[in-house]
Amino acid sequence: MATWFERMAAIPGVRFTGSHGVVREALAEAPVRPTVSYGSPMWPTVEGTTSATPASRHVPVEASGADLVTRVWEALELPGEPMDYHFILQGAVDRLWSDRRSYPDGLELLEVFALLDLELMEAAPQAVSFDTGSHPASFVHVTSVPRLVMLLEREGVLTDALEVARRLARFDQGEDAVARLSEKIGALAAEAAVGGPA
């Protein structure tokens with residue numbers, strides 16, 4: 001049976017303490033609790049029950065811009081499973097990247113959400129795996145963190161990009177970015193040594 005949490009901040013090992021500016025008690029689905037049916041949690045809805053957690057249902061597909069950001073912060077305060085929070089954060093990163101021309105402020109939040117996703121993955125690896133257990137053997141393909149690595153690399157923040165890529169490599173992805181960035185940083189260091197004072 002999947003493990004659910006009252007909010008993302010309740011997941012052991014997550015340093016995230018909660019969504020700034022969100023009054024959790026004001027969210028209608030914050031106090032909702034599931035019943036267990038055939039070993040699976042079932043969540044009450046107006047229409048009946050569903051296996052989809054409140055967090056996973058909170059961000060509409062059509063949300064964009066500031067509305068998307070607000071919905072994501074709220075969703076992280078609702079009951080859900082680690083994989084729900086991962087898909088919420090990853091979806092937000094993908095949409096903010098797609099909307100970067102119409103909503104340039106989203107690029108800063110893209111970085112915040114991608115780092116939160118990475119933190120979640122490190123605390124709860126099952127968030128990015130269909131394997132059961134707390135130490136999964138295989139991981140789903142993640143798009144949020146590689147997007148951040150690419151963005152940091154474009155901005156020329158190579159050491160930060162390398163650090164994030166190394167953290168991602170634990171999940172059997174990002175090794176090519178680690179190699180590429182290590183090579184770039186090494187080449188820049190060698191260039192600086194040649195051109196530096198004797």
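Let's start with glutamate 119, which is buried, with a relative accessible area of 10%. In this predicted model, glutamate 119 forms a salt bridge with arginine 15, and the closest N and O atoms of the two are 4.0 Å apart. Arginine 15 lies in the segment before β1 and glutamate 119 in helix α4, so this pair ties together parts that are 104 residues apart in sequence. What is the relative accessibility of arginine 15? At 58%, arginine 15 counts as exposed, whereas glutamate 119 is buried.

## Helix α4 and its surroundings

Helix α4 covers residues 106-123, 18 residues in total. From its first C-alpha to its last, helix α4 reaches 25 Å, close to the 26 Å expected at 1.5 Å a residue.

Which residues of α4 are buried? Among them are Gly106, Leu109, Leu110, Phe113, Ala114 and Leu116, and the list also includes Asp117, Leu118, Glu119, Leu120 and Met121.

## The nonpolar core

The largest nonpolar core has 54 residues, and Met8, Leu76 and Phe113 are those with the most contacts inside it. The elements that give two or more residues to this core are α2, α3, α4, α5, α6 and α7 (175-195). Of these, α4 gives the most, with eight residues. As general background, nonpolar side chains tend to be buried together in soluble globular proteins.

What does phenylalanine 113 touch, leaving aside its neighbours within four places in sequence? Phenylalanine 113 is in contact with Val69, Val72 and Trp73, and also with Leu89, Ala92, Val93 and Leu96.

Glutamine 90 is found in helix α3. Is glutamine 90 buried or exposed? Glutamine 90 is buried, with a relative accessible area of 8%. Not counting residues up to four places away in sequence, glutamine 90 touches Asp117, His141, Val142, Thr143 and Ser144.

How many salt bridges does the structure hold? The structure holds nine salt bridges. One of them pairs arginine 33 with glutamate 6, with the closest N and O atoms 3.4 Å apart. Both arginine 33 and glutamate 6 lie in the segment before β1, so the pair ties together parts that are 27 residues apart in sequence. Arginine 33 is partly exposed, with a relative accessible area of 31%, and glutamate 6 is partly exposed at 39%.

Another pair joins two helices. Aspartate 94 forms a salt bridge with arginine 147, the closest N and O atoms being 3.6 Å apart. Aspartate 94 lies in helix α3 and arginine 147 in helix α5, so the pair ties together parts that are 53 residues apart in sequence. Aspartate 94 is partly exposed, with a relative accessible area of 24%, and arginine 147 is partly exposed at 22%. Elsewhere, a network of salt bridges links Arg7, Arg24 and Glu77.

## Two positive phi angles

Tyrosine 38 has a positive phi of about 55 degrees although it is not a glycine. Tyrosine 38 is found in the loop between β1 and β2 (40-45) and is exposed, with a relative accessible area of 86%.

Aspartate 172 also has a positive phi, near 60 degrees, and is likewise a residue other than glycine. Where does aspartate 172 lie? Aspartate 172 lies in the loop between α6 and α7, and at 53% relative accessibility aspartate 172 counts as exposed.

## Confidence in the model

The protein averages a pLDDT of 93, and 95% of the residues score at least 70. Confidence is lowest in strand β1 (residues 35-37), at a mean of 87, and highest in helix α1 (residues 54-57), at 98.

Methods: Residues numbered from 1 in each chain as written. Predicted model: local features only at pLDDT ≥ 70, side-chain atom pairs only at ≥ 80, totals over all residues. Heavy atoms only, no water. Helix = DSSP H or I, 4+ residues; strand = E, 2+ residues; numbered from the N terminus. Expected span 1.5 Å × (residues − 1). Buried < 20%, exposed > 50% of the residue type's maximum accessible area, 1.4 Å probe, protein only. Core = buried A, V, L, I, M, F, W, Y, C linked by side-chain atoms within 4.5 Å. Contact = heavy atoms within 4.5 Å. pLDDT = per-residue confidence, 0-100. Salt bridge = Lys/Arg side-chain N within 4 Å of Asp/Glu carboxyl O.
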